[in-house]
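Hello,

Here is the structure I promised to pass on to you. Have a look at it first, and then read on for what turned up in it.

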Amino acid sequence: MDLFDDPDPPVPSRVEPEPVDPSAPLAERMRPRTLDDIVGQDALLAPGRPLREAIDRDRLRSIILWGPPGTGKTTLARVIASATRAHFIAFSAVLSGIKEIREVMAEAEQARRRSGGRTILFIDEIHRFNKAQQDAFLPRVESGDIVLIGATTENPSFEVNSALLSRSKVFVLEALTEADLVAILKRAIADADRGLGNRGVTADDDALGAIARYANGDARIALNMLEMASAGAAAVHVTRERLADLIERRSLLYDKGGEEHFNIISALHKSMRNSDPDASVYWLARMLEAGEDPLYVARRIVRFASEDIGNADPQALTVAIAAKEAVHFMGMPEGNTALAQAAIYMATAPKSNAVYVAYGEARADAEQQLAEPVPHHLRNAPT
């Protein structure tokens with residue numbers, strides 16, 4: 001301590017919930033304020049669960065919250081902020097750089113030295129930080145100056161540095177079920193302080209179910225849809241007919257560069273391998289309707305024709321190449337049926353991985369064994 005240090009720094013107080021802004025979106029106004037308000041994550045937050053106990057006792061250690069959009073990662077961080085006596089700082093990986101990170105790390109170190117107080121640092125979309133930015137947290141996490149809470153929609157095993165990951169506990173938030181979303185919508189309709197309860201809004205169960213299915217596990221999308229459907233005059237009754245113009249197509253969770261991309265192409269590959277044409281067409285449609293590059297899908301089907309069918313049905317490769325050419329010639333959406341035809345053919349064709357296995361063994365021999373000279377009877381005759 002020196003002459004300029006505060007000898008008795010104030011003890012951080014619990015963060016009180018901000019007053020409701022009536023102009024804020026319904027999803028923001030209805031954001032849960034306590035652990036008991038959070039819907040659909042009982043496996044993590046039910047009384048007696050380790051994460052719940054750590055939050056209730058204010059003994060939280062560094063954690064990574066992994067789950068699809070709209071499952072409550074940011075909400076949980078805000079609830080922790082209101083429940084802890086540690087200094088709480090929220091960061092967005094989209095808006096913050098290495099300079100801001102270092103400034104916060106320095107402040108956390110000074111606070112720990114002065115008063116022994118902890119700093120909880122919440123980083124939304126931590127997967128967007130590069131390796132150098134993530135490395136900047138390591139010394140302060142190791143020393144205990146900060147407790148890190150990272151939120152990500154991507155698999156932390158791929159997107160978070162292994163050193164940082166080894167010092168954190170990963171908690172998986174599950175996508176909300178249709179029943180969870182309907183419960184959230186009913187709460188918003190009934191809540192007079194933060195929701196729509198003072199406007200006389202009502203809704204059919206059928207309409208709420210349609211919104212929940214459209215939202216595809218995302219509470220934010222569901223609440224935004226309810227708000228749009230109930231906009232206008234007071235005492236609105238939300239029906240399926242009223243939703244017809246709003247729900248044109250279901251919101252599909254898909255990231256062409258992310259984990260869900262690989263999950264779904266894996267599902268297509270395994271469905272064709274398991275000779276399930278129905279599942280094959282379903283996963284194909286999931287990718288194409290979410291905006292996947294159709295030529296990428298075509299290339300995967302061509303690979304499947306050689307890898308999993310091979311000479312058990314040599315025609316499979318011809319069908320796959322024809323589908324690729326059809327997509328290239330016609331484009332989308334006309335090319336979707338050509339890909340569906342190819343996927344169904346692959347699923348119903350006999351399977352053999354003999355070509356794949358043979359090439360793998362030959363490659364291993366070529367890489368590992370001595371480069372033997374070509375036998376005379378196989379050589380080019382003129383030489």
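Asp124 stands opposite Ala151 in strand E4. The two strands involved, E3 (residues 119–124) and E4 (residues 146–152), pair in the parallel sense over 6 bridges; strands count as paired if DSSP finds at least two bridges between them. Before going further, please keep in mind that this is a predicted model, where local features need pLDDT of at least 70, side-chain atom pairs count only at pLDDT 80 or more, and totals for chains, interfaces and linings use all residues. Residues are numbered from 1 along each chain as its sequence is written, and side-chain values use heavy atoms, with hydrogens and water left out.

E3 and E4 belong to an open sheet of 5 strands in the order E2-E3-E4-E1-E5, with parallel pairing. At its edges are E2 (87–92) and E5 (169–172), each of which pairs on one side only. On average, neighbouring strands of this sheet are turned by 20° against each other, direction ignored.

Helix H4 (residues 73–83) lies across E1 (63–66), E2, E3 and E4, and runs at about 165° to E3. Angles here run from 0 to 180 degrees between N-to-C directions, with axes fitted to C-alpha atoms, for helices over the stretch in contact. The loop between E1 and H4 holds Pro69. Pro69 is partly exposed, with a relative accessible area of 32% (buried means under 20%, exposed over 50%, partly exposed in between, with a 1.4 Å probe and protein chains only). Pro69 and Leu176 are 107 residues apart in sequence, yet 9.9 Å apart in space, C-alpha to C-alpha.

Now to a pair of helices. The axes of H16 (residues 294–309) and H18 (residues 336–348) come within 11 Å and cross at roughly 20°. That makes H16 roughly parallel to H18, a label used for angles under 35 degrees. Pro294, Ala298, Ile301, Phe304, Ala305 and Ile309 of H16 make the contact with Leu339, Ala342, Ala343 and Met346 of H18, contact meaning heavy atoms within 4.5 Å. By class, this contact has 10 nonpolar, no polar and no charged residues.

Finally, the whole chain: it has 19 helices and 7 strands (DSSP runs, of at least four residues for helices and at least two for strands). Buried residues make up 43% of its 383 residues.

Enjoy exploring it!

Methods. Angles under 35 degrees count as roughly parallel, over 145 as roughly antiparallel, 65 to 115 as roughly perpendicular and the rest as oblique. Ala, Val, Leu, Ile, Met, Phe, Trp, Tyr, Cys and Pro count as nonpolar, Asp, Glu, Lys and Arg as charged, and the others, Gly among them, as polar.
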